[in-house]
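Here's a walk through a protein-ligand model, written for someone who likes to know what the cut-offs are. Have the viewer open and follow along.

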2 protein chains.
Amino acid sequence: MAEFLFERLCLIGVGLIGSSVARAARAKGGIARTIVAHTRRPETLARVRELGFADLVEADAGRAVEGADCVILCVPVGAYAGVMRRIAPHLAPGCILSDAGSTKGSVIRDLKPLLPAGVQLVPAHPMAGTEHSGPDAGFAELFENRYVIITPVPGGDPAAAERIAELWRRLGSMVERMDAETHDKVVAIVSHLPHLIAFTICGTADDLAEETREAVLRFAASGFRDFTRIASSDVDMWRDIFLNNRDALLEMLARFTEDSHALARAVRYGQADFIEDRIRRGRRIRRGLIERKQA
Amino acid sequence: MAEFLFERLCLIGVGLIGSSVARAARAKGGIARTIVAHTRRPETLARVRELGFADLVEADAGRAVEGADCVILCVPVGAYAGVMRRIAPHLAPGCILSDAGSTKGSVIRDLKPLLPAGVQLVPAHPMAGTEHSGPDAGFAELFENRYVIITPVPGGDPAAAERIAELWRRLGSMVERMDAETHDKVVAIVSHLPHLIAFTICGTADDLAEETREAVLRFAASGFRDFTRIASSDVDMWRDIFLNNRDALLEMLARFTEDSHALARAVRYGQADFIEDRIRRGRRIRRGLIERKQA
Ligand SMILES: NC(=O)c1ccc[n+]([C@@H]2O[C@H](COP(=O)([O-])OP(=O)(O)OC[C@H]3O[C@@H](n4cnc5c(N)ncnc54)[C@H](OP(=O)(O)O)[C@@H]3O)[C@@H](O)[C@H]2O)c1
Ligand SMILES: NC(=O)c1ccc[n+]([C@@H]2O[C@H](COP(=O)([O-])OP(=O)(O)OC[C@H]3O[C@@H](n4cnc5c(N)ncnc54)[C@H](OP(=O)(O)O)[C@@H]3O)[C@@H](O)[C@H]2O)c1
């Protein structure tokens, strides 16, 4: 086994996710001889230099990827096509291009057409995060014991997918593989719909009459408070996720809406059995999570 | 000031809330000379005797309230009418009847018609709880720094309401007063609708094809996981809450549904500005909570 998994690891975007990859790679060792970081804005670049989790900080995306044997995109998924146009001409043959984006169908759609010959695409999604963003929010333990889903592209080199899997295992994660379509459906219900709901209910509360809204903030208690934590996530990231997992998200929202109407109807007509059945299903799902130690 | 706020405090129902009141009253002191506990099932009675947080444990609800100068109902709100029929003939003149129920309009509707002369009704709702239930789930610190909403009934004795307010302050809570209708609207959006949504999304996930459902449990990540915690709450309590805050709950669900459709439409047609605005509102509400130290 080589001393390092990669000679030169380039992170395009070093907010919460990218900076956590850099920090974890340093902390674990054996992952990359050199870590190159690129970020878009001069002020973030300056902050990344101060934080010092990368060996090289590069203002130009094209120059950043030059000579890298692994490039990981850690920018909002809506920025992929633009970023890819800038870096594609500079990607070295033999390089593996991967990412951490929360949608996978759109990522393949946006990256594959511009992929230079000799470069392997291995889309990946670490199922770990917080509601904070930017390079200060990252930490080395973020991926510890969390799942990373890899969605290999048809016709891709299995050895490249295996190296990305090994990268994440060395960062502390468990790796699962599935196709991009299944991934997008699963995250639609596990993460994207809960976020859409959380943003929505905050808006609904915000529209209440002044007096009620004041009381809502005061008595946020449990329930609403958990929703607002989810709803405090980054604007650009979530706009891009919604727009880039549109079909699966709208499908899951439609199912959820039908189900909420059925429960509302039972409440309206006093159908206790139906209501109890719904509550019991919630408890059963929770038990399933506890058994799987995901609670 | 008297040595004790009440001579004989009777708790009808000693699950999470009732047993926490008993424990906190003991821990704080100066609240009740004698604490009487009643619960419905023989096995819970036996467990309450073992736990020892009450001075007297009484199997008969009527006998339990005899001679009490304060009675607090801590049973699911759907049980109020039945419990009241059993205890009303035994309530001593001068006694204050209060409760901890999560709905307030229904509580007044169910208790007031049976209220004996000389007994004061002071409905109250501690905005504190967990997703656990039963006498083992209670703890003395549950109400510490949490709000309690008192909804005095028109024509009631202000001195009685003030004694219940003082009880909760001594248990560590902040007391607010509002009318029952406003209370029911506020808790509909702060607590009841989030629970309805959480139960629903768990059901939606449960209906997915086997393969996707397995993946949902495995990747519950943040978002869905928080919803399942909310959804693990007690069946009887939540059935009763939904059925007894029907109008406010259905009204808030209707508003939420309209808002979620508006956001879905923006996703469908790629209206980034609209989506960003909704996400920003979520973040603003969250900031409001943080400023109020309710986050
Ligand atoms: N946060 C999570 O919970 C989470 C979890 C799993 C996966 N992900 C995915 O990981 C990726 C990064 O998320 P994050 O939470 O790390 O975001 P973040 O903390 O907001 O960082 C975003 C990074 O991307 C750069 N960037 C933003 N917009 C850009 C644009 N239009 N063009 C070029 N660069 C841009 C930012 O640069 P400047 O700051 O210099 O502008 C920053 O370096 C996203 O695709 C997200 O879906 C996030
Ligand atoms: N849990 C919360 O987060 C929370 C927060 C604020 C307010 N509340 C309100 O506080 C009240 C009590 O909730 P809790 O969480 O303490 O519930 P809990 O832990 O489930 O305890 C319920 C108590 O009520 C008794 N009970 C249940 N059904 C009954 C019936 N049909 N007739 C007579 N007694 C019955 C139970 O007796 P057995 O066990 O002997 O059957 C037990 O003593 C409810 O009105 C609830 O809405 C709850």
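How many of the 7 residues of strand S1 (residues 6-12) of chain A are buried? It's 5 of them, so S1 of chain A is largely enclosed by the rest of the structure. "Buried" here means under 20% relative accessible area, "exposed" means over 50%, and "partly exposed" is in between, using a 1.4 Å probe and protein chains only.

## Ground rules

This is a predicted model, so local features need pLDDT of at least 70 and side-chain atom pairs count only at pLDDT 80 or more, while totals for chains, interfaces and linings use all residues. Residues are numbered from 1 along each chain as its sequence is written, chains are lettered from A and ligands numbered from 1 in the order in which they are written, and side-chain values use heavy atoms, with hydrogens and water left out.

## Strands in chain A

Back to S1(A): 6 bridges join it to strand S2 (residues 32-38) of chain A, and the two run parallel. Within that pairing, Leu9(A) stands opposite Ile35(A) in S2(A). Helices (H or I, at least four residues) and strands (E, at least two) are DSSP runs numbered from the N terminus, and two strands pair if DSSP finds at least two bridges between them.

Strand S4 (residues 70-73) of chain A also pairs in the parallel sense, with S5(A), over 4 bridges. Cys70(A) has Ile96(A) in S5(A) as its bridge partner. In a regular strand the side chains alternate between the two faces of the sheet. S5 (residues 96-99) of chain A is covered on both faces, with Ile96(A) and Ser98(A) buried on one side and Leu97(A) and Asp99(A) buried on the other.

## Around ligand 1

Ligand 1 is surrounded by 27 residues, and the closest are Thr39(A), Arg41(A), Val75(A), Ser102(A) and Gly134(A). To make that list, a residue needs one of its heavy atoms within 4 Å of the ligand. By class, the shell has 13 nonpolar, 11 polar and 3 charged residues; Ala, Val, Leu, Ile, Met, Phe, Trp, Tyr, Cys and Pro count as nonpolar, Asp, Glu, Lys and Arg as charged, and the others, Gly among them, as polar. Domain 1 (6-178) and domain 2 (182-291) of chain A each give the shell at least three residues, with the bounds coming from an automatic or database domain assignment.

Oxygen atoms of ligand 1 sit 2.8 Å from a polar side-chain atom of Arg40(A), 3.0 Å from a side-chain N or O atom of Thr44(A) and 3.4 Å from a polar backbone atom of Ala100(A). Taken alone, ligand 1 exposes 900 Å², and the protein buries 88% of that; these areas come from the Shrake-Rupley method with a 1.4 Å probe, and for residues only the protein chains shown count as cover.

## Around ligand 2

Over in chain B, ligand 2 has 28 residues around it, with Thr39(B), Arg41(B), Val75(B), Ser102(B) and Gly134(B) coming nearest. That shell has 14 nonpolar, 11 polar and 3 charged residues, and it draws at least three from each of domain 1 (6-178) and domain 2 (182-291) of chain B.

For oxygen atoms of ligand 2, the polar distances are 2.8 Å to a side-chain N or O atom of Arg40(B), 2.6 Å to a polar side-chain atom of Ser102(B) and 2.7 Å to a polar backbone atom of Gly134(B). On its own, ligand 2 has 900 Å² of accessible area, of which the protein covers 88%.

## Loop residues

Lys104(A) is in the loop between S5 and helix H5 (105-111) of chain A, and it's buried, with a relative accessible area of 0%. A polar atom of the Lys104(A) side chain lies 2.7 Å from the backbone oxygen of Gly101(A).

Most residues other than glycine have a negative phi. Asn145(A) isn't a glycine, yet has a positive phi of about 60°. Asn145(A) lies in the loop between S7 and strand S8 (147-150) of chain A and is exposed, at 55% relative accessible area.

Conventions:
Polar contact = N/O pair within 3.5 Å; in protein donor to acceptor, adjacent residues only side chain to side chain.
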